[in-house]
Amino acid sequence: MKNRHSAIGIVTTATLALAALACAPAEEAPEPVDLEAPLADLTEGWNTITPGGSTTCSDGSPFRFFVRAADPTQLVFYLQGGGGCWNAQTCDPQGNPTYTMTAVEELPAPSTDESGEEPAYGISAFNHPENPFADHSFVFVPYCTGDVHIGDRDAVYEAAATDDAPAREFTIHHRGYTNGRAALDWTYEHFLGPETVFVTGSSAGSIPSPVYARHFAENYPAARVTALGDGAGGYRNLTDSRPHESWGTLAALSHFENMNDVVSENFSFETLYIKAAKAHPDVMFARYDTAEDDVQLQFLRIAGTNVDDGLQPLLDANEADIDAALEGQDNYRSYVAPGELHTIMLNPAFYTYETDGVRVRDWVASLAAGEPVDDVHCGDCTGSPVPEAAEGGEATGP
């Protein structure tokens with residue numbers, strides 16, 4: 001009888017519990033998020049945002065960035081290039097500065113003019129019939145701090161005395177990371193539910209693309225995040241100049257847990273890709289370069305790197321370092337094209353340049369769509385033909 005009463009008690013308790021659940025009010029479905037509401041004040045075309053606060057350009061002038069509101073679920077975050085500086089010789093505004101010192105004031109309107117020609121190029125040519133990002137919202141982050149968007153330090157440099165002037169000190173505000181974080185914060189507040197985020201940048205904006213992709217992956221865990229660096233994969237053997245020390249980069253990035261073991265002596269731009277790819281194996285990271293990029297060669301010479309053998313050996317060595325560090329993972333790709341062309345994403349050649357039968361446009365479109373892509377490499381790139389439409393070209397976009 002004891003076992004029988006226990007069984008009856010269990011059945012009764014379960015029945016009462018089910019009855020209570022049946023009588024309980026059903027949980028209300030969450031209110032749908034209005035993705036358009038935070039963007040309601042933006043006008044058609046590019047909108048200028050001046051965040052103020054601690055943001056600044058290298059010379060103390062205001063930092064601003066630009067937003068184009070389109071599909072709120074599809075977002076492109078673009079980091080502009082513009083050189084770099086890390087010592088008195090390269091940073092002095094009164095000398096021969098090797099970087100952009102102030103932020104661009106406006107961007108071309110995303111429409112054709114009366115002649116029917118595009119005022120913008122590459123992925124910013126929103127009326128181009130093959131633009132894979134034509135309907136995407138854009139956040140365009142200008143560059144004006146000389147620190148490849150990952151500096152957070154005011155550096156005091158001393159210009160040497162000349163026959164015409166005594167030695168003097170000057171301050172450069174390497175606050176690119178401060179500026180970038182302000183653009184990120186604004187983006188988080190106004191884009192509430194992106195399904196895809198494509199993080200890219202050209203030249204100096206290429207280097208930090210994996211860093212900013214990490215931020216997006218952490219803030220939008222449900223989104224598909226992709227990062228593509230454009231035109232900065234050949235910088236190698238920079239340990240003598242160590243620009244990151246002038247910029248305060250390691251301190252700025254120390255909040256990323258797996259950056260704690262990085263010190264000045266073992267830091268490289270490839271470290272940013274390796275650490276990001278290891279922290280976020282669900283994010284695809286990629287780089288695009290040309291094998292003899294003339295601008296990269298110029299900056300390597302300024303940094304004191306021997307480039308007698310050209311850029312390709314440096315590119316290939318850097319790619320090998322990343323591949324070795326990420327062995328067993330499958331979230332890094334590279335595209336190495338022939339020629340000297342510097343950057344592609346804002347260049348009209350984006351739609352025509354191809355290597356081994358693979359157009360850059362198609363490779364990038366598949367990458368952004370989350371489709372499988374292979375590495376593309378021109379092999380012995382010195383003997384590869386340069387597509388006529390891109391030969392000798394320069395980026396002509398904003």
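This structure holds 23 aromatic pairs, where rings of Phe, Tyr and Trp (its six-membered ring) pair if their centres lie within 6.5 Å, and where planes under 30 degrees apart count as stacked, over 60 as edge-to-face and the rest as tilted. The model is a predicted one, in which local features need pLDDT of at least 70 and side-chain atom pairs count only at pLDDT 80 or more, while totals for chains, interfaces and linings use all residues. Residues are numbered from 1 along each chain as its sequence is written, and side-chain values use heavy atoms, with hydrogens and water left out.

Begin by selecting tyrosine 157 and phenylalanine 170, a tilted pair with 5.7 Å centre to centre and 35° between the planes. Tyrosine 157 belongs to strand β5 (residues 153–159) and phenylalanine 170 to strand β6 (residues 168–174), so the pair ties together parts 13 residues apart in sequence; strands (E, at least two residues) and helices (H or I, at least four) are DSSP runs numbered from the N terminus. Both tyrosine 157 and phenylalanine 170 are buried, meaning under 20% relative accessible area with a 1.4 Å probe, protein chains only.

Next, select tyrosine 273 and tyrosine 332, which form an edge-to-face pair, 6.0 Å centre to centre with 80° between the planes. This pair links helix α7 (residues 269–279), which holds tyrosine 273, with strand β10 (residues 332–337), which holds tyrosine 332, 59 residues apart. Tyrosine 273 is buried at 2% relative accessibility, and tyrosine 332 is buried at 7%.

Finally, select Trp46, Phe66, Tyr78, Phe126, Phe138 and Phe140, which ring pairs link into a cluster.

Definitions and conventions: Buried < 20%, exposed > 50% of the residue type's maximum accessible area, 1.4 Å probe, protein only.
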